[in-house]
Amino acid sequence: IERVTIPALQKWRREGRRITMTTAYDAITARIADPIVDIILVGDSVGNVCLGFDSTLPVTMAMMNHHLEAVARTEPRALLIADMPFLSFHLSAEETIRNAGGFLRRGADAVKLEGGASRVDMVRALVRCEIPVMGHLGLTPQSVNLMGGFKVQGRNADDALRLLDDAHRLQEAGCFALVLEGIPAELAARAAESLAIPTIGIGAGPGCSGQVLVLHDVLGLAEGRRPKFVRAYADGFQLMQEALSRWAADVRLGTFPGPQEAYRLPEGLGGVIAN
Ligand code: KIV
Ligand code: NA
């Protein structure tokens, strides 16, 4: 099977073939996603989705490496991107390169990091080391404290113009694509048409070169209130609970395991264990 590559994404952007990206955090979610989507992201959303944190800030490189390794072992055909967690790309170029390079050594094809103008130096440092970088602008969850919550960004003139400027600076610094998250559809469309690199939207309207959603959101596996930008294509949480509860009921009734699910002694050996 042919693997998805960064040049392929650029080609699809030019041809208007929309790009699909979702998250995977372990081998099973990677195997579910890989035959379907173009890009698999081992997102730091693993903190919220799998690890029970209420933001992505507690997620560490050690956690990301653990989940990336599980996904990489499945050898996906999709482009595999690893998300740089909070404080892993802020302290120095050396530490940023070491962290991102560690992702590539574990099988990632590229890394993603949040932020605009203030991250340009780190992006350049990575690109100089042949580490492909996907940018991420708008409602960047690692900025939750500064934003005062998970709020749509770029809604006033200053913020909108700053986002467009950040997008062009990241492109200039060598990002091969950008995630645009939680911004008005008109602003995302303007960024998408003015940039040469692909834009992948989430809560950013239909005007981007592609879309990303967290796998657990697409499958309806996430509990609690659903953000406006999510469309769940299954009620996975309820579906899985129903299946589990039928099994538990069968156990309680004594109808599981049945004859087909049990092992038997060879013919004639029953007597050996009878007293
Ligand atoms: O961590 C994540 O899942 C992400 C995507 C939603 C873009 O950053
Ligand atoms: Na993320």
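Predicted model: local features only at pLDDT ≥ 70, side-chain atom pairs only at ≥ 80, totals over all residues.
View 1. Arg169 has its place in helix H8, which is made up of residues 157–173. When residues up to four places away in sequence are not counted, Arg169 touches Gly116, Ala117 and Val120. Gly148 is 21 residues from Arg169 along the chain, and the C-alpha atoms of these two residues are separated by 25 Å.

**View 2. The residues around ligand 1.** The shell around ligand 1 is formed by Thr23, Leu41, Gly43, Asp44, Ser45, Asp83, Val179, Ile202, Val212 and Val214. Sorted by class, this shell has five nonpolar, three polar and two charged residues. Asp44 and Asp83, which are both among the residues around ligand 1, are shown again in the views that follow.

**View 3. Asp44 in the loop between strand E2 and helix H3.** Asp44 is found in the loop that runs between strand E2 (39–42) and helix H3 (46–49). Is Asp44 buried or exposed? Asp44 is buried, because 30 other C-beta atoms lie within 10 Å, and the cut-off for a buried residue is 20 or more. Not counting residues up to four places away in sequence, Asp44 touches Thr56, Val59, Met64, Asp83 and Pro85.

**View 4. Asp83 in strand E3.** Asp83 lies in strand E3, which consists of residues 79–83, and Asp83 counts as buried because it has 27 C-beta neighbours inside 10 Å. If neighbours within four places in sequence are left aside, Asp83 is in contact with Leu41, Val42, Gly43, Asp44, Met64 and Lys112.

**View 5. Glu114 in the loop between strand E4 and helix H6.** The loop that holds Glu114 lies between strand E4 (110–112) and helix H6 (120–128). Glu114 counts as buried, because 23 C-beta neighbours are found inside 10 Å. Leaving out residues up to four places away in sequence, Glu114 touches His136, Thr140 and Gln142.

View 6. An unreviewed UniProt entry places the feature "binding site" at Asp44, Asp83 and Glu114. These three residues span 71 residues in sequence, yet no two of their C-alpha atoms are more than 10.8 Å apart, so they gather at one spot. The unreviewed UniProt record also places a feature "binding site" at Asp44, Ser45, Asp83 and Lys112. Although this set is spread over 69 residues of sequence, its members cluster in space, and the largest C-alpha distance is 12.4 Å.

View 7. The domain assignment of the chain gives domain 1 as residues 6–235 and domain 2 as residues 239–273, and the C-alpha centres of domain 1 and domain 2 lie 45 Å apart. Helix H11 comprises the 18 residues 236–253, and at 1.5 Å a residue it should span 26 Å, which agrees with the 26 Å that separates its end C-alpha atoms. How many of the 18 residues of H11 are buried? The count is zero, and H11 is hardly covered. After H11 comes Gly254, whose phi is positive, near 85°.

Note on methods. Residues numbered from 1 in each chain as written. Chains lettered and ligands numbered in written order. Helix = DSSP H or I, 4+ residues; strand = E, 2+ residues; numbered from the N terminus. Expected span 1.5 Å × (residues − 1). Buried ≥ 20, exposed ≤ 12 C-beta atoms within 10 Å, placed from the backbone. Near = placed C-beta within 6 Å. Nonpolar A, V, L, I, M, F, W, Y, C, P; charged D, E, K, R; others polar. UniProt positions renumbered as here; feature names shortened; annotations may be inferred. Contact = placed C-beta atoms within 7 Å. Domains from an automatic or database assignment.
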